[in-house]
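Good morning, and thank you for making time for this item. I would ask you to keep the structure on the screen in view while I go through its strands, its helices and its cores.

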Amino acid sequence: MRVAILFNPNAGGNSHYTNIGKILGERLKGCKIKTYPGLYGQTYIENAEIVSRVNATGDYLKDLYSIIMEVIKTNPELLVCVGGDGFLAYIADAMIRNNIKIPLLGIAGGTANVGPLINFTAASLMRLDLAKIKLSPVGALEVALNKSIKGYAFNDVIIGNTFLGMLNEQMSNIGVETFIQTGIKKKLAPSTDIVLDYFQIAKNELTLQFNMKKPAQIVISPIEGKNYLGKAITGLLCHATLTKSKAALALLDRVIVSMESENKDNELMSIEQLIFTEEDKLSISGLSRNGHVIIDGNPFIRQAKEAVNIRCIANAVIGVNML
């Protein structure tokens, strides 16, 4: 089997990449393995063919996409990626935009490793058997600012001014604007002031009515699978697997995607939910200057008056698990 391997050199858990590389070498013995120079793969994988190095531009995303496409050009039958949800989302983004359907095997090695594309850890990788892998289609959320597609979410989309990242070896709330504009990770308390007075949500161009006029956080997540079946505490989500709905939006009166506790454990939290299908298009407008977009942990700055447009994409990529 032809296998391509990519590591995220910036991931939070890369201290055990050497061990992961050794296990991959053992479990993929007999395969034709190709990887990228340096910390993207060559450092950790022995006896692999090294693909050509792309000309760096200094733009991280542009360079990463060039690296991904250089590896994909080798025509692998399986793409193995080591990193966190954000790294896998970037790789999936490149594949979706280019209509590429190579099975994607994700191995946990980042800050957060909770999405559906990451099905292996260093420990579970020990039982990897290519003869017994299971291929499954995985859906995603397409996220656009106005008409410009920014990425695809497999875990969640957060609207706010911070994202979770490693800072001084600790998970912290990192300011979106400072990071995007300077590349510096600066700790910042999440703002609860994310919407303006004319905040609204439209579904298929129909403006929706809701009670929470000033949500502290907005979260949109795919809801495929049976994680929500029959659990009434999840509200509308308990019916998710019994309908055609593939994603959900929640308005929250408290910030929950945060590393800082608000010490409100004795207070009730309010949530308003909306579920939607592949046929639906959501548009969120009237966001404040703190209403940026975080796609599977990857931050994007939203400019003033830009609407956040979201739709479900069925069978976006092919995930890999064990039978």
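Let me begin with a term: two strands are said to pair if DSSP finds at least two bridges between them. The model before you is a predicted one. By that criterion, strand 9, residues 157-160, pairs with strand 14 in the antiparallel sense, over 3 bridges. Within that pairing, Val157 has Ile220 of strand 14 as its bridge partner.

Strand 14 also pairs with strand 15, residues 247-252; this pairing is antiparallel and runs over 6 bridges. Val219 stands opposite Ala250 in strand 15, and Ile220 stands opposite Leu249 in strand 15.

These strands belong to an open sheet of 6 strands, with the order 16-15-14-9-18-19 and antiparallel pairing. Why is one side of strand 16 and of strand 19 left without a neighbour in the sheet? Strand 16 (271-276) and strand 19 (298-300) stand at the edges and have a single partner strand each, so one side of each has no neighbour there. From one strand to the next, the twist averages 20°.

I return to strand 14, which spans residues 217-222 and is mostly covered, with 6 of its 6 residues buried. As a general point, side chains in a regular strand alternate between the two faces of the sheet. In strand 14, Gln217, Val219 and Ser221 point one way, while Ile218, Ile220 and Pro222 point the other way, and all of them are buried.

In soluble globular proteins, nonpolar side chains tend to be buried together. Which residues have the most contacts inside the largest nonpolar core? They are Phe154, Ile218, Ile220, Leu249 and Ile284, in a core of 62 residues. Helix 3, residues 85-97, gives the most to this core, contributing 8 residues. There is also a second, separate core of 27 residues, which includes Phe7, Ala11, Tyr44 and Leu128.

Setting aside residues up to four places away in sequence, Ile284 touches Ile159, Phe199, Gln200, Ile201, Ile218, Ile220, Leu249, Ala307 and Val308. Strand 12, residues 195-203, is joined to strand 17, residues 281-287, by 5 bridges, and the two run antiparallel. There, Ile201 stands opposite Ile284 in strand 17. Strand 17 pairs in the antiparallel sense with strand 20, residues 308-322, over 4 bridges. In strand 20, Val308 is the bridge partner of Ile284.

Strand 12 has a further antiparallel partner in strand 13, residues 206-207, to which 2 bridges join it. Ala202 stands opposite Thr207 in strand 13. The hairpin of strand 12 and strand 13 has 2 residues between the strands, and Asn204 takes a positive phi near 55° in it.

I turn now to the helices. Two packed helices are described by the angle between their axes and the distance between the axes. For helix 2, residues 60-72, and helix 3, the packing angle is about 65° and the axes are 10 Å apart. Their crossing is right-handed. On the helix 2 side, Tyr60, Leu61, Leu64, Tyr65, Ile68, Met69 and Ile72 meet Phe87, Tyr90, Ile91, Asp93, Ala94, Met95 and Arg97 of helix 3. The residues of this contact divide into 12 nonpolar, no polar and 2 charged.

Finally, a loop position. Lys132 is found in the loop between strand 6 (118-120) and strand 7 (133-145). Lys132 and Asn19 are 113 residues apart in sequence, and their C-alpha atoms are 23 Å apart in space.

Conventions. Residues are numbered from 1 along each chain as its sequence is written. This is a predicted model: local features need pLDDT of at least 70, side-chain atom pairs count only at pLDDT 80 or more; totals for chains, interfaces and linings use all residues. Side-chain values use heavy atoms; hydrogens and water are left out. A nonpolar core is a set of buried Ala, Val, Leu, Ile, Met, Phe, Trp, Tyr and Cys residues joined through side-chain atoms within 4.5 Å. Buried means under 20% relative accessible area, exposed over 50%, partly exposed in between (1.4 Å probe, protein chains only). Contact means heavy atoms within 4.5 Å. Axes are lines fitted to C-alpha atoms, for helices over the stretch in contact, and angles run from 0 to 180 degrees between N-to-C directions. A crossing is left-handed if the near helix is turned anticlockwise from the far one by less than a right angle, and right-handed if clockwise. Ala, Val, Leu, Ile, Met, Phe, Trp, Tyr, Cys and Pro count as nonpolar, Asp, Glu, Lys and Arg as charged, and the others, Gly among them, as polar.
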